[in-house]
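Please read the following report alongside the sequence and the model.

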Amino acid sequence: MFQKILIANRGEIACRVIKTARRMGIATVAVYSDADRNALHVRMADEAIHIGPAPANQSYIVIEKVMQAIQDSGAEAVHPGYGFLSENPKFAAALEAADVAFIGPPRRAIEAMGDKITSKKLADEAGVSTVPGHMGLIEDADEAVRIAQGIGYPVMIKASAGGGGKGMRIAWDEAEAREGFQSSKNEAANSFGDDRIFIEKFVTQPRHIEIQVLADGHGNCIYLGERECSIQRRNQKVIEEAPSPFLDAATRKAMGEQAVALAQAVGYTSAGTVEFIVDGARNFYFLEMNTRLQVEHPVTELITGIDLVEQMIRVAAGEELSLRQEDVRLSGWALESRLYAEDPYRGFLPSIGRLTRYRPPPEQAAGPLDESGKWLPLVGGADAPRGDTAVRNDTGVFEGGEISMYYDPMIAKLCTWGKDRDTALEAMRLALDRFEVEGIGHNLPFLSAVMDHPTFAAGEMTTAFIGEEYPDGFAGVDLPDERLDRVAAAAAAMNRVVEIRRTRISGRMDNHERKVGDDWVVIAQGREMPVTIDADREGATVRFPDGRAMRVTSDWRPGEPLARLEVDGEPLVLKVGRLTGGFRLRTRGADLVVKVYSPRQAELVRHMPEKEAADTSRMLLCPMPGLMVKLHVEAGTEVQEGQALCTIEAMKMENILRAERRATVSVINAGEGDSLAVDEVIMEFE
């Protein structure tokens, strides 16, 4: 077994690999850029080596710099994580020449399957059904348009060396094909150093389901079930689960056997994933093979009890798989929510800055799976408390750390496990409510909203889910009346605690004589809810005018940012911010201003005018911190609705800002190459 390995990556995946290596008694070496000098993976590793400036194309994906770090550290093997150099055959070749083990597949398998064009040809030769498309390379936008017209719109424009949603665009007409081709080329070049592009038919109403395979160098290959990855935004996965709520046993077996056959056809070893697109009749088509560990691998680990990173290390060290296909058993259900530094209220645009508060929910291992007492794994959480559900958080950040504009916006991967899908889903809802993140924009509210969405709860989603259910973007959640009543009862009880604290501090209570009133009016989500509070030492009973009563208990104290309550015996978790006359409460995707007034105050408030927002309709504001890479217009240009105005690059993604209406550009305040802040005025209109 290896004595020391180097992790050629950063962030949560580097931390994830370090945890397993540490458990196996293997020393680890981290590499880091200028931006990551104080990163968590650097702190966790046994040693760390600086490899260059912040941009990935000057550090993490420069093969020579990583090879120098390997030489300097004396590492015997390298785990590439995912992204960066993980599917780069030149890197694998360099390791081979240096007699350093690659904790991944052979170079020839990477060349064959890592390139999406070649992999489709090989899959077709192996008898695997593939999506119709153009397998050859595409030289320019004109050729892309001709090919797209031949296939028939809509089409998917994809980077040959792509992954993680980078370098992918859907085109519904000629204009989008032309524009998407250029953006895909640019993103592919920046993210992978390879700007080759191909085009395939975009299958409408699909489900994205992938098979995890595991192979050794002794001819053994098995599949570990499937993962449902249909909740995607801009072709980037957001929520995954295992198993899929859509597949039946026969389809699972057929997909698994095809995935194994394809892996064996190319001499694959290590962990890999074969991705399929599945239609409503459970017909499945090969998309691509990812010759690396997938971001969403934890859900497979949670339902199989297999540590995939450990298996990758053992295979790379020449060991034979200890498992056969008949040993693989899928137990329970697992979900993964990707926490991104993206502001859902600004169209999911990237957000950077300092994490002023970062408190994940406590990790928890599951109870025994069966009568033999087999436990589910919780990588890095061996000492975590055990229960009927599992909670796991793979992360690469810490409170006080910086989220940089140079890398992928992922903050963490929150996973839950339960005996069935409903149990895992409820565990995820509570875990998301308990996850505290402040200082940057993030997608926690959106993740919570999806968990409560009836289509997702029923397991009936497709890859079009986000576009169909949130066509105008995410604007938060309006809680249903029953849940809003529960929040109102909690707010009333919490307000009573605040008032008691305030009166005691001000000296307005003598001999503990009660001076806090019983009657209050809670105003939230446009509703006024008069309530009466009957309090005792154990909690408070909140009564509504229609006779309903809700019992609220909690140990919350003023100033605490998280309130864990029970309302009528059911858990309710609220993120709490204090406001004049009430609270800012966040739960289940809702962000509420909740006012709690005395009846007289409520009467007076009805007569107070609301402050109007400033008019910015004649300005183009930068929606995210980023770099201006292209100006598409100049002063005096008359633009039409939907016309491209400029392109901003942030976190390895290009974002095209478009005109909302017909107008004439009067002033341009920023130029190509400028770094822009959130809400900076880029241009103004007449």
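The side chain of Trp-520 has a polar atom 2.9 Å from the backbone oxygen of Gly-517; a polar contact is a pair of N or O atoms within 3.5 Å, where within protein one must be able to donate a hydrogen and the other to accept it, and residues adjacent in sequence count only if both atoms are side-chain atoms. This is a predicted model, in which local features need pLDDT of at least 70 and side-chain atom pairs count only at pLDDT 80 or more, while totals for chains, interfaces and linings use all residues. Residues are numbered from 1 along each chain as its sequence is written, and side-chain values use heavy atoms, with hydrogens and water left out.

Trp-520 belongs to strand E26 (residues 519–524); helices (H or I, at least four residues) and strands (E, at least two) are DSSP runs numbered from the N terminus. The C-alpha atom of Trp-520 is 5.4 Å from that of Val-531, 11 residues apart along the chain. Beyond its neighbours within four places in sequence, Trp-520 is in contact with residues including Asn-495, Glu-499, Met-529, Tyr-597 and Pro-599; contact means heavy atoms within 4.5 Å.

His-41 sits in helix H2 (residues 40–44). Its side chain reaches the backbone oxygen of Val-31 at 2.9 Å. Leaving aside neighbours within four places in sequence, the contacts of His-41 include Asn-9, Arg-10, Cys-15, Tyr-32, Asp-36 and Tyr-60.

Thr-251 is part of helix H9 (residues 249–265). Not counting residues up to four places away in sequence, Thr-251 touches Arg-282 and Phe-284.

The table gives relative accessible areas, where buried means under 20%, exposed over 50% and partly exposed in between (1.4 Å probe, protein chains only).

| Residue | Relative accessible area | Class |
|---|---|---|
| His-41 | 1% | buried |
| Trp-520 | 9% | buried |
| Thr-251 | 10% | buried |

Eight strands make up an open antiparallel sheet, in the order E14-E13-E10-E11-E12-E15-E24-E22; two strands pair if DSSP finds at least two bridges between them. Strand E14 (284–290) and strand E22 (390–395) are the edge strands, each pairing on one side only. From one strand to the next the twist averages 25°, with axes as lines fitted to C-alpha atoms, for helices over the stretch in contact, and angles running from 0 to 180 degrees between N-to-C directions.

Within this sheet, strand E10 (residues 207–215) and strand E11 (residues 221–233) run antiparallel and are joined by six bridges. Ala-215 has Cys-221 in E11 as its bridge partner. Helix H12 (residues 421–434) packs on the sheet and touches strand E12 (236–242), strand E15 (333–340), E22 and strand E24 (410–418). The direction of H12 makes about 140° with that of E24.
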